[in-house]
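I record here, entry by entry, what I looked up in this structure. The sequence and the model come before the notes.

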Amino acid sequence: MTDSKAPSKRPRKASSPAKAGDAQEGAAREGAAHASVAQESGARGSGQTGTADSGEQGGAPKLSPREAAVEALMRLAAEQPWNDIEVSDIAREAGLTLAELRDLFPSKGAVLGGLTRIIDRKVLEGDLTGLEEEPTRERLFDVLMRRLDAMEPYKPALRRIAYALRGEPLSMLALNGVMLNSHRYMLAAAGIDTEGSLGQLKLQGVVIAFARVTQVWLDDDDPALARTMARLDKEIRNGERIMERAEDVRRLTAPLRAIGRSFLDRRPRDRRSRDGDGDESDPAAAI
């Protein structure tokens, strides 16, 4: 497991004390600086953009409306039951109107699905240098532990949500669709193919395995996450054995599949429609 380092905060520099003879001049300069800042703030309020830090407030990057909605839902879910949260609560907490939230997400479940994109980005933007030199098992272990590290700030909310959705099979099925999309990128980051005859088996297998690991992680309060890592290692090894058997079956059935393909190639192929990546087709909208 690689350590996940929190972003360091730069300490503020202490101002040097003014000399006794320059007190008046220093006060004048300070007043002019305050006036300049006020003038710049007024320009921003009038719709003009400033230079550096115009998109920051209090030193923290300004969230996009989509991210603000996701973060709002996570704050609410950490404090109250999932089924008590309404879309109007999310909009109010995020500082959005209902119309703005509707343009971003079709449902509360879709907002939850938006969290996976934030987690994906954190993992994929991390430094993966050197991973390609590791064995496949180690690469996958490292990537999935990075994913859990990225999920850590949302652990209280995820614990409540997992408990609420445990008895809702339709919601769990919708979440499975979201996680298939997410873990396709996790496997890619680990250098594991998801195409071909066994690609879907790999993908579904890692989604199920990670769900089992997450259940352990939600109850693992040990900073070292010993139980979580042990379960992840076990799930990866089990997955390796399953894939070895699947490879054997694929080799044994290769002649039969070749005959089937030649037969199908003689028939006209059905036209398949492709779903777009719009919010309305978001599988998380069913949660």
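Entry 1. Leaving aside neighbours within four places in sequence, with which residues is His183 in contact? I found Leu144, Arg147, Leu203, Val206, Val207 and Phe210. Contact here means heavy atoms within 4.5 Å. I located His183 in helix H8, residues 169-189. Its relative accessible area is 1%, so His183 is buried.

**Entry 2. Basis of the notes.** The model is predicted, so I note that local features need pLDDT of at least 70 and side-chain atom pairs count only at pLDDT 80 or more, while totals for chains, interfaces and linings use all residues. Residues are numbered from 1 along each chain as its sequence is written, and side-chain values use heavy atoms, with hydrogens and water left out.

**Entry 3. The chain as a whole.** I looked up the secondary structure and found eleven helices and two strands. Helices (H or I, at least four residues) and strands (E, at least two) are DSSP runs, numbered from the N terminus. Along the sequence, the pattern reads α-β-β-α-α-α-α-α-α-α-α-α-α. The chain has 287 residues, of which 32% count as buried. I also looked at contacts between residues at least 6 apart in sequence: 70% of them join residues at least 24 apart.

**Entry 4. The core.** Which residues have the most contacts inside the largest nonpolar core? They are Leu73, Met74, Phe105, Leu112 and Leu140, in a core of 59 residues. A nonpolar core is a set of buried Ala, Val, Leu, Ile, Met, Phe, Trp, Tyr and Cys residues joined through side-chain atoms within 4.5 Å. In soluble globular proteins, nonpolar side chains tend to be buried together. I then followed Met74: not counting residues up to four places away in sequence, Met74 touches Leu112, Leu115, Tyr154, Ala157 and Ile161.

Entry 5. I examined helix H2 (residues 65-79) against helix H5 (residues 108-124) and found an angle of about 110°, with the axes 9 Å apart. Axes are lines fitted to C-alpha atoms, for helices over the stretch in contact, and angles run from 0 to 180 degrees between N-to-C directions. H2 and H5 are therefore roughly perpendicular to each other, a label given to angles of 65 to 115 degrees; under 35 is roughly parallel, over 145 roughly antiparallel and the rest oblique. On the H2 side, the residues that meet H5 include Leu73 and Met74. Among their counterparts in H5 are Leu112, Leu115 and Ile118.

**Entry 6. Helix H6.** Why is H6 largely enclosed by the rest of the structure? The reason is that 13 of its 16 residues are buried. Within H6, Arg146 and Asp142 stand four residues apart, about one turn of the helix. Their side chains meet in a salt bridge at 2.5 Å, N to O. Arg146 is buried at 16% relative accessible area, and Asp142 is buried at 9%.

**Entry 7. Other salt bridges.** How many salt bridges does a search of the whole structure find? The search finds ten, each a side-chain nitrogen of Lys or Arg within 4 Å of a carboxyl oxygen of Asp or Glu. In one of them, Glu235 pairs with Arg212, the closest N and O atoms being 3.5 Å apart. Glu235 lies in helix H10 (residues 226-252) and Arg212 in helix H9 (residues 199-218), so the pair ties together parts that are 23 residues apart in sequence. Glu235 is buried at 7%, whereas Arg212 is partly exposed at 43%. Arg237 and Asp233 form another salt bridge, at 2.9 Å between the closest N and O atoms.

**Entry 8. A backbone angle.** Leu225 is in the loop between H9 and H10. Most residues other than glycine have a negative phi. I noted that Leu225, although not a glycine, has a positive phi of about 55°. Leu225 is buried, at 5% relative accessibility.

Methods: Buried means under 20% relative accessible area, exposed over 50%, partly exposed in between (1.4 Å probe, protein chains only).
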